[in-house]
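The sequence and structure come first.

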Amino acid sequence: MKLESSSERLKMTSNNITIDDAEHFRQCRETFAQREKAVDIFTDWAVTIFQDTVLTKIAHDGTNGPGMRSGQLQVLSVGSGTGEIDYLFLQQIAKKYANIYFTSLELSKDNLNSFKSIVSRGNLKGITWDWKQLTWEHFRYYNIRKCSQLRLFHFIFSVFSITYANDVNTTVMNMYESIDEGGVLLIIVLSDESAPYRLRTKFPKMFASDSLASVSSSEIRKVLDTHGIPFEHTRQPSRVDITPAFTKGRREGAHLADHLSRKVNFLKKGEPKLVNEFLAYLKGPDCVEREQQEYLLINDWEAFVVTK
């Protein structure tokens, strides 16, 4: 999964959470990401599911709509993170299209620099890179002003970044409106059958003050169904070894517990009864699969593919 952008950091500090806490959650997220191995999963997904379910559906005949540069395939990533997953997608797109204009939206300057470093070490040709340190909302607003009309894209994708949307319905529909005829919108979010989402459902009061939105597959499905927008859907299994979270005294385990609970020093400073209930549920079949002595977190995600 992509590392969180600074939009998470900004929302935290605006919700009476300190900068130090934001840095702590960033470290916890990195600990989780090292165990998640999302890039390995997406490496396989990009050459199988992405090829068949997404890339083959993009219809681009060389003519471009409003705000587009003639002849170029217009691609937009909403929330690129550090760029590893975006680059995997672009490797596949570049095999089919020789002239691509790629726009990356990412609020974190550090993440954009990491993405640029990946590009500099790679060998992709025929891509014009456009780096925007903007949110989706600001990008859309400025482009409408600049073009006096809505700028369209052949392919827009959002990988876990829609979690940061304050209004999921508006965000999804604005993305859909920004797709050219024959274009494709790809939205990837955690499944509502994943452990992180089930934890929020099981302990709603515990997560009530969390500044991050809780957007899962059910919310995306509801928006598309409400507006009568047809889509294709795939689910990707993912398991994360969180065994250290149940071992006292390990820094790695404390990070995993804090990441999943969205509480600082949860195991040490949390209300004992709540901590015990949380860990008991986390150990249960709703959240993990057991493999010998390991606890494997159910971290499935779902992809929604919309063709316009």
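Which residues line the largest cavity?

## Basis of the model

The model is predicted: local features need pLDDT of at least 70 and side-chain atom pairs count only at pLDDT 80 or more, while totals for chains, interfaces and linings use all residues. Residues are numbered from 1 along each chain as its sequence is written, and side-chain values use heavy atoms, with hydrogens and water left out.

## The cavity

The largest cavity is lined by Trp-136, Phe-139, Arg-140, Asn-143, Leu-150, Arg-151, Phe-153 and Ser-178. A cavity here is a set of points, on a 1 Å grid over the protein atoms alone, where a 1.4 Å probe fits but cannot get out; lining residues have an atom within 4 Å of a point. Helix 7 (residues 136-147) gives the largest share of this lining, four residues. Helices (H or I, at least four residues) and strands (E, at least two) are DSSP runs, numbered from the N terminus.

By class, the lining has four nonpolar, two polar and two charged residues. Ala, Val, Leu, Ile, Met, Phe, Trp, Tyr, Cys and Pro count as nonpolar, Asp, Glu, Lys and Arg as charged, and the others, Gly among them, as polar. The largest cavity holds about 40 Å³ of space, and a search of the whole structure finds one cavity of 30 Å³ or more. Grid points are joined across faces, edges and corners, and the volume is the space filled by probe spheres set on the points.

Seven strands form an open sheet in the order 3-2-1-4-5-10-6, with mixed pairing; two strands pair if DSSP finds at least two bridges between them. Strand 3 (127-132) and strand 6 (232-236) stand at the edges with a single partner strand each, so one side of each has no neighbour in the sheet. From one strand to the next the twist averages 15°. Axes are lines fitted to C-alpha atoms, for helices over the stretch in contact, and angles run from 0 to 180 degrees between N-to-C directions.

Six bridges join strand 1 (residues 73-78) and strand 2 (residues 100-105) in the parallel sense, and Ser-77 stands opposite Ser-104 in strand 2. Helix 5 (residues 84-96) lies across strand 1, strand 2, strand 3, strand 4 (153-159) and strand 5 (179-190), and runs at about 150° to strand 4.

Strand 9 (residues 294-298) is joined to strand 7 by three bridges, with Val-240 opposite Leu-297. Strand 8 and strand 9 pair over four bridges, and Arg-290 has Tyr-295 as its bridge partner. These two strands form a hairpin with two residues between them, and Gln-292 in the turn has a positive phi of about 55°. Four of the five residues of strand 9 are buried, where buried means under 20% relative accessible area (1.4 Å probe, protein chains only).

## Leu-282

Leu-282 lies in helix 13 (residues 272-283) and counts as buried because its relative accessibility is 1%. Leaving out residues up to four places away in sequence, Leu-282 touches Leu-199, Ile-242, Phe-246, Leu-260, Cys-287, Val-288 and Leu-297; contact means heavy atoms within 4.5 Å. The C-alpha atoms of Leu-282 and Phe-246 are separated by 9.5 Å, with the two residues 36 apart along the chain.

Note on methods
1 Å grid on protein atoms, 1.4 Å probe; cavity = no way out; pocket = protein on both sides within 12 Å on 5 of 7 lines; lining within 4 Å. Buried < 20%, exposed > 50% of the residue type's maximum accessible area, 1.4 Å probe, protein only.
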